[in-house]
Amino acid sequence: MNEEEHLSLRVSAEAHVPSQELRGIQPGDRFTVGRRSFIRGLGIVGATLLPASALLLTQGKARAQSSGSLTKGDADLLRFAAWAEIVESDLWTQYNELGGATKPNDGSPNVGNPPYKLALQNLDTDMPQYITDNNDDELSHAAFLNAYLSSHGAEPVNLDQFRHLPGSTATGVDRQKIGKRLTNLLNLNVDLSWYTRYRSEENPDLGAIFKGPFNILNEPAIPLNDTDTPPTTVVPPPPIPAGSSAQRIQAIANTAGFHFAFIEQGGTSLYPTLALKATSDEVLRILLSIGGVEIDHFSLWHDKAGNAVSQPLAGVIDPENPNGATFPDLNDPATLARLRLQLELTQTNKILPEPCDFLFRESLPPCSVIRPTSTALGGAVATVKSFTADGLFNGQPESFFDFAMELATAADNAQREF
Ligand SMILES: [Fe+2]
Ligand SMILES: [Fe+2]
């Protein structure tokens, strides 16, 4: 039997094994199998539709590209990406515990923190599911990148020694993880310059400087504890009555909404800067493919954040932090006049990137692009700095920042080899 016949037999044998994973398509049985298991099951069926020769070619090519070791530059790029994904995984895990629809990877339903979930749903009723899916994506990114590094003889990234931050103690958190967080969501300064940047025709890579339409300063993005935001807090649909106890938890949820977009716009810029330095086709493919999902996340959260600053929800003021967390109506001419803002740069449904200057300001027409994509503004060091300014690592020791900067500098210094 030649290799092609052997492969063909093996594939069809797999397809005829009664797969538990495929039970997901049976009526009445569909809730027993998670989405990813179901898709994996379909993958087996899909494989049988390909001619064996095509499978052989695909598998042979994958083997050829996946064998051998990485260049130092490619390993450095993937190691920083792994660092960023571990950071993202930690923060999204906290959001998911308190506000997500299910436990990770289509696990059991998640009760979370009921008032926080209701406040998030005032931004969009699907917020819990989106949070869960974003969390799943980050966990998959981190696991994949580290596994890929290991499988190519490169050292994976491990940040476990830095999992010691206190985190929230509010209803909904995983009690086992209290005191074991890598990131700090309890007191954030959320940079909102991305909001203006993507509505502007100017490009930071060509020198433009932006500031956000308002500030979020020293504000939690998750409930701190059950004293500050009791789990019995009643959160009505918007508008939230002024001066009500619901204003605090709504301001926290609104902060989360903007923080989601802040984090993901960081990934949106980071991955193109890394991809530009990749040597192997496969590393380039990894960086472009994961980076595309970061862009997808950013676009989603950009839309949801806008709901915190448009009617009927706009106008929330955190009674505990009125100077740091007030969410104005960014579509209201009177409000914009008072804040000296232009509607063009604030209109909440203008969530798709405005065409802007790109490459050479004078000689080329505007182009709708991700920005920044320069190493200086969107690269690995820039990412560490912006996440640090956000307050995400408050409480981490010097050694945490040293390690982050070591990985980031190596990634920014990587060079494409031919
Ligand atoms: Fe990610
Ligand atoms: Fe992400």
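This note covers the overall fold figures and the iron site of a predicted model.

1. Basis. In this predicted model, local features need pLDDT of at least 70 and side-chain atom pairs count only at pLDDT 80 or more, while totals for chains, interfaces and linings use all residues. Residues are numbered from 1 along each chain as its sequence is written, chains are lettered from A and ligands numbered from 1 in the order in which they are written, and side-chain values use heavy atoms, without hydrogens and water.

2. Fold. The chain has 13 helices and two strands (DSSP runs: H or I of at least four residues for helices, E of at least two for strands, numbered from the N terminus). Of its 418 residues, 48% are buried (under 20% relative accessible area with a 1.4 Å probe, protein chains only).

3. Contacts. Of the contacts (heavy atoms within 4.5 Å) between residues at least 6 apart in sequence, 73% join residues at least 24 apart.

4. Donors are N, O and S atoms within 2.8 Å of the metal (3.2 Å for Na, K and Ca); water is not among the atoms, so sites may look incomplete.

5. The iron ion (ligand 2) lies 3.3 Å from the iron ion (ligand 1), and Glu88 coordinates both.

6. Sequence spacing. Glu85 in helix α4 (residues 72–99) and His141 in helix α6 (residues 127–151) are 56 residues apart, and both are buried.

Technical notes
Buried < 20%, exposed > 50% of the residue type's maximum accessible area, 1.4 Å probe, protein only.
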